[in-house]
Amino acid sequence: MPATAPPAPTDGATDVADVVDEDVARLHATARFVRAQDTAVLLSRVLPGLDGPELRALTDRCRFAHAAVLVFPPDEDTLRTELAACGLSTDAEARPSVVVRRRLADRHRRDTVDLDVRILRPQVRGPAGEDRAVEVFALTVPPGSELSRIAAEERAFEHEAHLAFDVVRPDPLVLRGLLAGFARHGAAPDGGGYNPHEDGTVFYFTAPAATKTGYRRVELYAAGDHRDVLAEHLAHHPAPDGARRPDRARADRTLPDRARPDQARSDGTQPAETLLRLMTGAWTTQALATCARLRLPESMDRHTGVTVEELARTVGAHPQSLATLLRYLDMLGVVSEGPDGFRLTGAGALLDAGAPASMRPLALMYGGPFYQSFVHLAHTVRTGQPGFEYLYGENHFDYFARHPELAALFDRSMASSAAIFDPLPAHPVLTAAATAPGPARTVVDVAGGTGELLARVLTAHPTLRGVLLERAEVLEAARTRLAATGADGRCAFRAGDFADVPPGGDVYVLSRVLHDWDDDRCRSILRHCADAMPAHADLLIVERLLPRDGSPSLATAWDLHMMCNTGGRERTADHYARLLEDCGLRSVGHTPLPLGAHALHARRS
């Protein structure tokens, strides 16, 4: 992108042939790009750090659909000639572009009636024959028009050039999850709108600074009217030049000829439909848990369909009832129905017990004991007592200790989110310890569960040694996990509680521990760590962080979950910094991890 504005054309002296040739070149480059891209590879380039199960899940939810370019033909005949010169269909229907017309009007302080912006989508094929398009925005700029100044600037800065992904089977829950996922990987909300001419909703993002494509903007396109979700997205769109952030007024301009999302239409259906979808979230939890209990994923394939009757015989289910469940799972994107029957999606494959980082244990936990305790959320809100404790008569750690099968399921469910740990072995604190001269440095994983994190660290850094502190009943599983990596010979296993944190380590780790407890208990845990830490030692804390601005976040959901089930809470980075300071520690900083988590770094004060 040029650092300075382009020179202004003078009194209609712009060479029409030159600008037409330039637009043809830009169209041709865009078409070539669209034909060459693979969705999964492109997503990983657009959102650096997106990989593994999260990339697979995102790929199942959206498909690369088009790349966009804004051109400035003097008339419609010239536009059709430009398309033909690039091998693009000249038969594509041209429709008014509400969103881009508004954006151009805002950017150049023009009235929208002065801007004739059309949108065409000539079709092309992807590398595997996928249906795609080149999205062409065309602002008519007659020779000598004062709009030539706008055209020159827009060509130079490519404000409207973007990549677009179509959302598969969009609904509010899916859209909110996708928007949160894009934001989690550094994409910033950058407007959007509802186009009544197409009955489609667009959500624009500014790509992360580290994006590996030449496009700085990304669009998610959802068929249908999703202005309720759009209003939330627009609320996080920063205003330029430090101006007040646009709120509902901005959203109103985006939604021509339609009611605002927070106002009922004449039939009152839009807010009611949104609320109804939210109310039925419990059905989704139980549908996923039932899918896991019946072991449907183990009896299905991602590439070959299976009929309802055959699947019912395999898992021992009533065919008609199973068909109803499968249709619901299809709506969720867990399975997909085709001519040969039902097959698994990438998301559904994660419910297979044999899948790497299987999420089956989580589905069984959230659809089992934690589901039952959430029935008592109102009691928790009224009294402060966790719903789990109210239902089962004791906190969940003590209850699980008396029910070994649930304790084992809980430990496996914690390992289901192991993708959080993928980047952690490369954390500067751990790489510095691994490369330090002298005797081998030691990493102490406090309440390290089955050793999932410590196994990754020791595998990545053969020079490090480890100590895993856990309850005695968990250590056998931890030994098995470390033995599977060949790192058990460099790891000591200690049975104990937080009061037994071993001294003399070089790096201490508290992963997903502090959110289980209230502030007083957190201070006690942190003081035990501080007392054990030598002056040079580092402390890494892995937790989800509540956003300061109230933006959508997994941490907000987990905050409710922790309150109801453990009596704990999620916290902001500033809150953790205050807790650390109370315990003679200081916060050095924090870095993002997958699934909304962060690694907080602390040292002795």
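The model is a predicted one, in which local features need pLDDT of at least 70 and side-chain atom pairs count only at pLDDT 80 or more, while totals for chains, interfaces and linings use all residues. Residues are numbered from 1 along each chain as its sequence is written, and side-chain values use heavy atoms, with hydrogens and water left out.

P122 sits in the loop between β3 (117-120) and β4 (123-125), where strands (E, at least two residues) and helices (H or I, at least four) are DSSP runs numbered from the N terminus.

Next, select helix α25 (residues 554-565), whose 12 residues should span 16 Å at 1.5 Å a residue, and whose end C-alpha atoms are 16 Å apart, which agrees; the expected span is 1.5 Å times one less than the number of residues. Its buried residues are A555, H561, M562, C564 and N565, and among the elements that cover them are α15 (360-366), α19 (396-401) and β16 (538-544). Just after α25, look at G567, which takes a positive phi of about 85°.

Now turn to the cavities, of which the structure holds two of 30 Å³ or more. A cavity is a set of points, on a 1 Å grid over the protein atoms alone, where a 1.4 Å probe fits but cannot get out, and its lining residues have an atom within 4 Å of a point. Points are joined across faces, edges and corners, and a volume is the space filled by probe spheres set on them.

The largest cavity has a volume of about 270 Å³. To find it, select Y366, M414, H515, W558 and H561, which lie nearest its centre among 21 lining residues. The elements giving two or more residues to this lining are α15, α20 (404-416), β16 and α25.

Finish at the second largest cavity, with a volume of about 120 Å³, by selecting V99, I119, R121, N195 and V202, which lie nearest its centre among 16 lining residues. Elements that give two or more residues to this lining include α5 (98-108) and β5 (131-139).

Technical notes: Buried means under 20% relative accessible area, exposed over 50%, partly exposed in between (1.4 Å probe, protein chains only). Contact means heavy atoms within 4.5 Å. On a 1 Å grid over the protein atoms alone, a cavity is a set of points where a 1.4 Å probe fits but cannot get out, and a pocket is an open set with protein on both sides within 12 Å along at least five of seven lines; lining residues have an atom within 4 Å of a point.
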